[in-house]
Amino acid sequence: MRRRLAALAALPFFFGLSQSAQAAPQSDPLGDLIVSALTGALPGTPDFRMKATLYHAGAKGVGSLDSLGCKVVAMRTVAVDTKLIPRRTRLFIKETVGLPMPDGSKHDGFWYASDTGGAIKGEKIDLFTGHGSSSMRPLMALNLAKLSVAKVGEFKGCPPA
């Protein structure tokens, strides 16, 4: 019985799930495996490497509704080129896992392609940060960076808030 318990206690270390590995969002082999099972891609292989920009409510030309007619959702809505990613596609962006959400929780990496933009052509993605330019602060490190974007499904209706 003791050997079985010792073996169970060692499992997290065997699979690389020690607390230090969990604290580093850029090294998430279990997350990569789950996303690859959902998308059918090889673990750690994104569908796209997209150049990110940020946008917020209150900026010139930005309304409170996306191109589907839904309310834009802070830290969930993205604008995409519909020739690459159809609207109503659920996306996983690895680099956003663990970022602070407006409600104080941590981001799970899932975003919703429900918007488009005149400057969003090709492998570019525009992340909606919320209301006012101060909402962009937590994501500034991602502005103009190349992000790993994977398609992980579709959604119906409007993106969840």
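## Exercises on a predicted model

The largest pocket in this predicted model has a volume of about 200 Å³. Of the 14 residues that line the largest pocket, those closest to its centre are Tyr55, Gly61, Val62, Asp115 and Thr116.

**Exercise 1.** Find how the lining of the largest pocket divides by class.

*Solution.* Take the classes in turn. Seven lining residues are nonpolar. Five are polar. Two are charged.

**Exercise 2.** Determine which strands pair with strand 6, and in which sense.

*Solution.* Start with strand 1, residues 48-57. Strand 1 pairs with strand 6, residues 146-154, in the antiparallel sense over four bridges. Within this pairing, phenylalanine 48 has valine 149 of strand 6 as its bridge partner. Next, take strand 3. Strand 3 and strand 6 are also antiparallel, with five bridges. Leucine 91 stands opposite lysine 151 in strand 6.

**Exercise 3.** Locate lysine 94 and decide whether it is buried, partly exposed or exposed.

*Solution.* First, the place: lysine 94 lies in the loop between strand 3 (89-93) and strand 4 (110-115). Second, the relative accessible area of lysine 94 is 24%. Buried means under 20%, and exposed means over 50%. Lysine 94 is therefore partly exposed, at 24%. Third, look along the chain. Serine 148 is 54 residues away from lysine 94, yet their C-alpha atoms are separated by 6.1 Å.

**Exercise 4.** Identify which ring arginine 90 lies over, and count the aromatic pairs in the whole structure.

*Solution.* Arginine 90 lies over the face of phenylalanine 110. The distance to the ring centre is 4.1 Å. Then search the whole structure for ring pairs: there are three aromatic pairs.

Definitions and conventions. Residues numbered from 1 in each chain as written. Predicted model: local features only at pLDDT ≥ 70, side-chain atom pairs only at ≥ 80, totals over all residues. Heavy atoms only, no water. Phe/Tyr/Trp six-rings, centres within 6.5 Å; stacked < 30°, edge-to-face > 60°. Lys NZ or Arg CZ within 6 Å of the ring centre and 35° of its normal. 1 Å grid on protein atoms, 1.4 Å probe; cavity = no way out; pocket = protein on both sides within 12 Å on 5 of 7 lines; lining within 4 Å. Points joined across faces, edges and corners; volume = space filled by probe spheres on them. Nonpolar A, V, L, I, M, F, W, Y, C, P; charged D, E, K, R; others polar. Helix = DSSP H or I, 4+ residues; strand = E, 2+ residues; numbered from the N terminus. Buried < 20%, exposed > 50% of the residue type's maximum accessible area, 1.4 Å probe, protein only. Pairing = 2+ DSSP bridges.
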